[in-house]
Amino acid sequence: MPAQFQPAPSTSRSVESLTFTGSGAEYFRIWIVNLAFTILTLGIYSPWAKVRRLQYFHRHTRLGGSGFDFHGKPGAILKGRMLALLLLASLEAAYNLDRIAGIALTIPLVATLPWLVMRSLAFRLRNTSWRGIRFRFAPATSDAYRALLWWPLLAILTLGALLPRAYREFKAFQHGNSRFGRDAFAFHVTTRAVYGVFGQALAMFLLAPLAIGLAAVGGALLASGMDPRLDLAWAWLFVGGFVALYAGFVAVKPFLDTRLQNAVWNGTTLAGHGFASSLRFRTLLWITLSNLALTVASLGLFRPFAVVRLARYRVESMAMHVAGSLDDFSAAQGSEIDAFGEEAGELLNIDIAL
Amino acid sequence: MTHVRTFACRHFDGVSSRPHVAVLRISSDRLTLESGDEVRDIAIAALRMAERSRVGTATVYLPDDTFLEVEDGASLQATLANSGFREPLLERMQRRWLVAATAVTCCALLLTTCYLHVLPWGARHAARLVPPAVAESMSAQVMEFLDGRLLAPTQLPDRETRRLRDRLARMSLPAEVPVGHRIEFRAAPGIGPNALALPSGTIVVTDELVEIAGSEEEVLAVLAHELGHVSERHGIRQALQGSVVALVLTWFLGDVSSIAAAIPAAVLQARYSRDMEREADDFAARMLSQNGLSPGLLAGMLDRLERARLGSADKGDEPEGLSRYLATHPRTEERMRSLRQATSPVAH
């Protein structure tokens, strides 16, 4: 008689949108109490603060009538932060002592960084759930080194020419190794598409302002001719060029955020299900700029409202293309749970992401 | 007969994402969950609730790691509260705006105290721990930069610079520990009359400053002020305090814009700089009095410097309005007034 025994409907496709039910006023109180405790305890409270913040945002992100949830333990986060602090302090001390000692310590540290980042991505996902089913992150360690060391290094050595490729490899690493219960996510975004986004950003926000700036210079010089008041022309040129470049600089991040979130999620699947992200650049730019203005004008008090506003827009522009039903996911069992995540034990349950 | 409330809910078993429709019955001390044919008794004390929220459903975690989603969260909370379920203290407190207001006040007070007292106090102590080698290398870099671009070898006669160095060396210091220092004279047509102290104790004096001074004693007064900076380790303290301020603001605003973080950082750092100038003035006033010279000498020198600045620049007012908060030095008028007050005998 219960619903479980009904025959599964033939794979019909439906669209489920994600919704965000958090409110700025409510989050403000969590945020300010967190901040007060964090300052009072000289930062010791910050992992507890982080867990409460993540729980608030996870639980208010809803899909198919159910919220996500976060189960991370503050102790694990505290441990991760202490480890990160210790590493930084020893690095600083080594550099003060002797440059060679500093370099000698930097190399093994950089070498362990991909592993640490992988652990902390795994911590985050393993402690995230929806309808009681946990997410997981199960990459091979060699993938972590490829995505987090090899490609970034190549991007630096090629002065950024391979940066879009490195970004794509990182996202492929992150999305391609994620699991939800027994089902695996897959990543289908092409390198070409990512180059398209970065190329457009470069043209719109660096080359175009540069061209406008140069045109302004030329115009200013022509207008002033041999006039002794050439100084004024230079001043205008300087101001104009600076404004154009800064405008480009401010706008480029929302632009990349928009196009990359859309590309990445439109190219991600979970078993037979797909996702759709439809962020719009102009809306995100407006939210970013008005949030910045209000945060500064309110001496920081607007910040929690700003964070909620941004989260709402980003979450609500996403939808899931469900093949069949959202009710058919199941948790990973026994042998399916990789040793990597579970057997490493408490000591390695760390989260270094600040 | 106690009043029983029932709630429709969805039970998730942690094995599948399929919700099981269930009914929760709560009486004054008892809670039962009916799911299909199964009826379970659950102790209210064994429940855990997700933090309560104005909007959305309530989540109830059961002792067996499964959980319920209850649509009518608000009345569930009210009913459970009547049955003796206690939310954690923090969550109860937090819903009150009064607590939020207290937290805002608390944060503001704590941040102000840290900024005004804790950080300068910490930097004062930490500055003593910075090894001389670090101060030395910091200063060597600055000196190399200045010598390469802005400074040229001094044009002052040897005996004049030697006499200034000797007179300064013979003066007694108001500090308990000797202040290691080295005076460097440089011609600086691009900078004009000025003097600066580097963290290592190197004091750079421009020829132009010596030239506009009315007397040798006035130059000594400026040197005393710079010795104040050296003695109080202002260079290192400013570096420490400034970087903490910049770090905190970047953390707070940096994800939006690094320029938005740089402006308040400059304002906050400028205040530290003005405080340090006042400290150095006090040091100079004490040192001059102790050696039978008048602190008014420094005031006179400040006056000359001010007039030289006004003469060279087209705009030349004291910083007014908002730009006052970006000034690295207190207003000259104010500094002269307090130095001249230090000159007159204290009447008690």
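Strand 1 of chain B pairs with strand 7 of chain B in the antiparallel sense, over four bridges. Within this pairing, B:Cys9 has B:Val70 of strand 7 as its bridge partner. The model is a predicted one.

**Strand 1 of chain B and its other partner**

- Strand 1 of chain B also pairs with strand 2 of chain B (residues 20-26), again in the antiparallel sense, and seven bridges join the two.
- Opposite B:His11 stands B:His20, a residue of strand 2 of chain B.
- Strands of a sheet pair through backbone hydrogen bonds, and the pairing can be parallel or antiparallel.

**The four-stranded sheet of chain B**

- Chain B has an open sheet of four strands, arranged in the order 8-9-11-10, with mixed pairing.
- Its edges are strand 8 (152-153) and strand 10 (195-197) of chain B, each of which pairs on one side only.
- Strand 9 (residues 182-187) and strand 11 (residues 202-206) of chain B run parallel and are joined by five bridges.
- B:Phe185 has B:Val205, in strand 11 of chain B, as its bridge partner.
- Packed on this sheet is helix 7 of chain B (residues 216-231), which touches strand 9, strand 10 and strand 11 of chain B. The direction of helix 7 makes about 20° with that of strand 10 of chain B.

**The sheet of chain A**

- In chain A, 11 strands form an open sheet with antiparallel pairing, in the order 1-11-10-9-8-7-6-5-4-3-2.
- The edge strands of chain A are strand 1 (13-17) and strand 2 (19-20), each pairing on one side only.
- Three bridges link strand 4 (residues 66-70) of chain A to strand 5 (residues 128-130) of chain A in the antiparallel sense. A:Asp69 has A:Ser129 of strand 5 as its bridge partner.
- Helix 4 of chain A (residues 99-126) lies across strand 4, strand 5, strand 6 (133-137) and strand 7 (178-180) of chain A, and runs at about 170° to strand 6.
- Helix 6 of chain A (residues 163-176) packs on the sheet as well, touching strand 6, strand 7, strand 8 (183-187) and strand 9 (268-270) of chain A. The direction of helix 6 makes about 165° with that of strand 8 of chain A.

**The contact between chain A and chain B**

- The contact draws 49 residues from chain A and 42 residues from chain B.
- About 3800 Å² is buried between the chains, and carbon and sulfur atoms give 62% of this area.
- There are 15 residue pairs in polar contact across the interface, with both residues at pLDDT 80 or more.
- Elements of chain B that each supply at least two residues to the side touching chain A include strand 1 (5-12), strand 7 (67-70), helix 8 (234-253) and helix 9 (258-290).
- Helix 3 of chain B gives the most to that side, with eight residues.
- By class, the side of chain B that touches chain A has 23 nonpolar, nine polar and 10 charged residues.

**Salt bridges**

- Over all chains, the structure holds 31 salt bridges.
- Three salt bridges are counted between chain B and chain A. In a salt bridge between A:Asp328 and B:Arg18, the closest N and O atoms are 2.5 Å apart.
- Within chain B, the side chains of B:Arg40 and B:Asp64 meet in a salt bridge at 3.0 Å, N to O.
- This pair links distant parts of the chain, 24 residues apart: B:Arg40 is in strand 4 (residues 38-42) of chain B, while B:Asp64 is in the loop between strand 6 (58-61) and strand 7 of chain B.

Technical notes: Residues are numbered from 1 along each chain as its sequence is written. Chains are lettered from A and ligands numbered from 1 in the order in which they are written. This is a predicted model: local features need pLDDT of at least 70, side-chain atom pairs count only at pLDDT 80 or more; totals for chains, interfaces and linings use all residues. Side-chain values use heavy atoms; hydrogens and water are left out. Contact means heavy atoms within 4.5 Å. Buried area is the accessible area (1.4 Å probe) that two parts lose on being put together, summed over both. A salt bridge is a side-chain nitrogen of Lys or Arg within 4 Å of a carboxyl oxygen of Asp or Glu. A polar contact is a pair of N or O atoms within 3.5 Å; within protein, one must be able to donate a hydrogen and the other to accept it, and residues adjacent in sequence count only if both atoms are side-chain atoms. Ala, Val, Leu, Ile, Met, Phe, Trp, Tyr, Cys and Pro count as nonpolar, Asp, Glu, Lys and Arg as charged, and the others, Gly among them, as polar. Two strands pair if DSSP finds at least two bridges between them. Axes are lines fitted to C-alpha atoms, for helices over the stretch in contact, and angles run from 0 to 180 degrees between N-to-C directions.
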